[in-house]
Structure formats: C-alpha cells, structure tokens
Amino acid sequence: MRSYNIAKRPLWVLAAVLAGSIHSGAVAHSAAPLSATIAPTGLQQGDNSLYLALGEYQGLSQLMEAFVLAIAVDERVIHHFERVDIERFHQMLTLHLCELTGGPCEYTGADMVEVHRGMRISSAEFNAVVENLITAMQQQQLSVSTQNRLLAILAAMQHEIVYPQEQK
C-alpha cells in the first residue's frame, strides 16, 4: 500500500503550485455544525466492517490524501478548491468518511448541502471527483467490493452536491 505523509508534504502547497492561486488558511465554506444526524447508507448501526476494510482511521486518512492529490492535478475540478484550506479539507473528509463507514469518529462539519452551497457543481464535475476517488482507491489497492461499498454510500449524497439545475 502506498503511503503519503501529510506532515512531510503539505497538500495546500502542492495544490497551490499545481492550481495557481490557493490562499492557504482561507476556507471557502463555513464549518457550521451538522444539523441532521448522518445515517450511513447501506450500513446497519454498529456495522464497522467497511471502516475496517478501508484500514480504519489511518487507511482512510491515506486514502483521502491520495484523493486530494488526484483532485489537485485535475483541471476539471481544481477551481472549486482554489480557496480551500486543503489540510482542513483532508481532515474533515477523513472524519466524515470515518463516521459514514461505521468508525468511531464524530463528524462535526457542515452538511453536504451547506458545504457545496454556491459552488454550482455540475454532474460532469461530480463524476470527475468520483473518478479521482476511484483512482485513489485503486492506488491504495482496495478491493472492488470495498470500493463499491464506499461509492454506494457517497452516491446517495449526489443530490446534495450537484447544482439543482444540473439534476434532471
């Protein structure tokens, strides 16, 4: 399994070099508390088998680093991350997925509607991000079954992320 070390390679620096003008420390979206309880789609309460298959917190963190690195070189979507604190983005993604996959974490960030408000993400951009996640999962040598289980959970959030006029 390929390992990335966020402390040795700050992702916001990499993203800034690749994308141009990222303003580190500036967060494009607030981290308002979650207003609704997150219900992991397809998981029974107490089922942590997906969390375990993803390598627990360390595995999720490595997966999210690979994912963020893939986004950083993707011209189709990098513009959505130009003003994002990449280290915080990595941390919140990891926490969110930890909770969604049955891990012991508690995600305290904003819900997906709030996080993506005003971004006007198209279906094509959503699909590009999914491609980046699949690439990251393949780099981490996750089984197809594990990949599909994670994608099923995240696919349920598509309607909260894609700009409404793009959903038909």
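Me: How are the helices and strands of a chain defined and numbered?

Reply: Helices and strands are DSSP runs, a helix having at least four residues and a strand at least two, and they are numbered from the N terminus. The model shown here is predicted. Read along its sequence, the protein follows the pattern α-α-α-α-α-α-α-α.

Me: What share of the residues counts as buried?

Reply: A residue is called buried when its relative accessible area is under 20%. In this protein of 168 residues, 42% count as buried. As for the surface, the protein exposes about 8900 Å², and carbon and sulfur atoms supply 52% of that area.

Me: Where do nonpolar side chains tend to be found in soluble globular proteins?

Reply: In such proteins, nonpolar side chains tend to be buried together. Here, the largest nonpolar core has 39 residues, and Leu 63 and Phe 81 are those with the most contacts inside it. At least two residues of this core come from each of α2 (49–53), α3, α4, α6 (123–139) and α7 (144–155). The largest share, eight residues, is supplied by α4.

Me: Is Phe 81 buried or exposed?

Reply: Phe 81 has a relative accessible area of 11%, so this residue is buried, the cut-off being under 20%.

Me: How many aromatic pairs are there, and how are the rings arranged?

Reply: Two rings pair if their centres lie within 6.5 Å; planes under 30 degrees apart count as stacked, over 60 as edge-to-face, and the rest as tilted. The count comes to one aromatic pair. The ring centres of Phe 81 and Phe 89 are 5.2 Å apart and their planes stand at 55 degrees, so the pair is tilted.

Me: Where does Asp 74 lie, and is Asp 74 buried or exposed?

Reply: Asp 74 belongs to the loop between α3 (56–72) and α4 (86–100). Its relative accessible area is 8%, so Asp 74 is buried.

Me: Which polar contact does the side chain of Asp 74 make with another side chain?

Reply: For a polar contact, the two N or O atoms must lie within 3.5 Å. The side chain of Asp 74 makes such a contact with the side chain of Asn 132, at 2.9 Å. The Asp 74 side chain also reaches the backbone nitrogen of Arg 76 at 2.9 Å. Leaving aside residues up to four places away in sequence, Asp 74 touches Ala 128 and Asn 132.

Me: What share of the contacts with a separation of 6 or more joins residues 24 or more positions apart?

Reply: Residues 24 or more positions apart account for 81% of those contacts in the protein.

Note on methods: Residues are numbered from 1 along each chain as its sequence is written. This is a predicted model: local features need pLDDT of at least 70, side-chain atom pairs count only at pLDDT 80 or more; totals for chains, interfaces and linings use all residues. Side-chain values use heavy atoms; hydrogens and water are left out. Buried means under 20% relative accessible area, exposed over 50%, partly exposed in between (1.4 Å probe, protein chains only). A polar contact is a pair of N or O atoms within 3.5 Å; within protein, one must be able to donate a hydrogen and the other to accept it, and residues adjacent in sequence count only if both atoms are side-chain atoms. Contact means heavy atoms within 4.5 Å. A nonpolar core is a set of buried Ala, Val, Leu, Ile, Met, Phe, Trp, Tyr and Cys residues joined through side-chain atoms within 4.5 Å. Rings of Phe, Tyr and Trp (its six-membered ring) pair if their centres lie within 6.5 Å; planes under 30 degrees apart count as stacked, over 60 as edge-to-face and the rest as tilted. Accessible areas come from the Shrake-Rupley method with a 1.4 Å probe; for residues, only the protein chains shown count as cover.
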